[in-house]
Amino acid sequence: MPNKKNNRDEISCDFCGKTLTPSEEYLIGINAFICSSCIALGAHLTHINMNQQLSADAAPGTHISTDGEIPVPVEIKAYLDDYVIGQDDAKVAISVAVYNHYKRLLYDVSGDIQKSNILLIGGTGTGKTLLAQSLAKMLNVPFAIADATTLTEAGYVGDDVENILVRLLAAADYDSQRAQNGIIYVDEIDKIARKSENTSITRDVSGEGVQQALLKILEGTVSNVSPRGGRKHPQAETVPIDTTNILFILGGAFDGLDKIISHRTEKSTIGFGGKVSARDNLNVGELFSKVEPDDLVKFGLIPEIVGRMPIIRTLKSLSEEDLVRILVEPKNSIIRQYEKLLEFDGVKLIFERPSLIEIAKKAIHLGGGARSLRSIVEELLIPVMYSAPGDLSVKEIIITASCVTDGEEPTIVRRTAEETQAIRDRLNDSHGKSNITTNGRNLNLKKRPA
């Protein structure tokens, strides 16, 4: 029944029954009142319904699920496959965890079913950060990346752990409700491992103390954060963020963890009949796949942190073929990006298959995984990207294996003089636009209004 009270000190919301105070903002209708929280909820539900309608018309292959709610694990993995090569085991585990996490929120059973935070273990350039970024992009939820190496205990120089929540709040356009359903990826988590398993009397401001602070928000707490970031002070404006429903993904290279695992697993080989294998011949990624919670504790993570990471997945070291696929297969692959850049200049870029293999070999030698690929390709293409935009005769640029191994110049296929002149004439015909050029190439910029 509509609330008909007119005394501002006694009115209440006709949706949730909350008593309204004069200082609050609310809508007044004909014998009805709506509080700001119910207004926000209505806007949120409207947004969901709009997405559901869009999902019915979505083209095949889009990330919107057929039921208009949340994508099922198979759809999530299929989306990740478009951006991340290999690492199927990690992608399957993440897909299931994310689906279950947001299903908890959708059916409002987060109080009965605990969330499953994820720990990703893998060397540099194996795809940990890319997995998290692709996931957040697909789900269209607020996403923040934090580097654990910058975190220190409160009161010390560096970032407070709560500043991670400030980044998430900013990613949510300072909508605290959206932020509370977001995803946080904490990279380099292995860098805040305590120095040893034994308790030390010395202060470890970027190790165990940071883990203890991080543990609070992993478990779920209401943290009052300053939207502007930095250290809080009593007069600062704060926003409460409940971390209960924030999904945390922790990632790290865990350099040295393989030795701990190897030491544990090799104990069973001692004695007559024991099988002895050379550790050097065993892929580090294969050793990581045998990780157990106790290994992480020995490495330096506190047991409570390990206990809040029910899903632990290792990312394998990338093979030569994996790196070749990374160069060309993802939707935003490195080669495609440079092909597009040169296409704007009317130049076709071609990488021969042997050149891709040599680039992959070079990346493995450098030890940076997929992260090394871009710098290698950039180094190869800088000379031609410098000269080609100013030379209209350049039609194709072909990168051969010798360009990578011996530093030879790429093969240039040129247009005929007639073709080059035709392009020049076409570019000079500005059709009423300003004749602004760079290196002889018309930009076709519209004139500024007077």
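Strands 1 and 2 make a hairpin with 2 residues between them, and one turn residue, Asn31, has a positive phi of about 55°. This is a predicted model, so keep that in mind for every value here. The two strands, spanning residues 26–29 and 32–35, run antiparallel and pair over 4 bridges. Gly29 has its bridge partner in strand 2, namely Ala32.

On to the aromatics: the structure holds 2 aromatic pairs. In one of them, the ring centres of Tyr79 and Tyr83 sit 5.2 Å apart with 45° between the planes, so this pair counts as tilted. Tyr79 and Tyr83 are both buried. Phe254 and Phe299 make up another tilted pair, with 5.1 Å from centre to centre and the planes at 55°. Phe254 sits in the loop between strand 8 (247–252) and helix 8 (257–266), while Phe299 belongs to helix 10 (residues 293–299), so the pair ties together parts 45 residues apart in sequence. Phe254 and Phe299 are buried as well.

Phe254 also turns up in the core. The largest nonpolar core has 45 residues, and Phe254 is among those with the most contacts inside it, along with Leu119, Ile121, Leu257 and Leu296. Setting aside neighbours within four places in sequence, Phe254 touches Leu119, Ile121, Ile189, Asp190, Phe288, Leu296, Phe299 and Leu301.

Key:
Residues numbered from 1 in each chain as written. Predicted model: local features only at pLDDT ≥ 70, side-chain atom pairs only at ≥ 80, totals over all residues. Heavy atoms only, no water. Pairing = 2+ DSSP bridges. Phe/Tyr/Trp six-rings, centres within 6.5 Å; stacked < 30°, edge-to-face > 60°. Buried < 20%, exposed > 50% of the residue type's maximum accessible area, 1.4 Å probe, protein only. Core = buried A, V, L, I, M, F, W, Y, C linked by side-chain atoms within 4.5 Å. Contact = heavy atoms within 4.5 Å.
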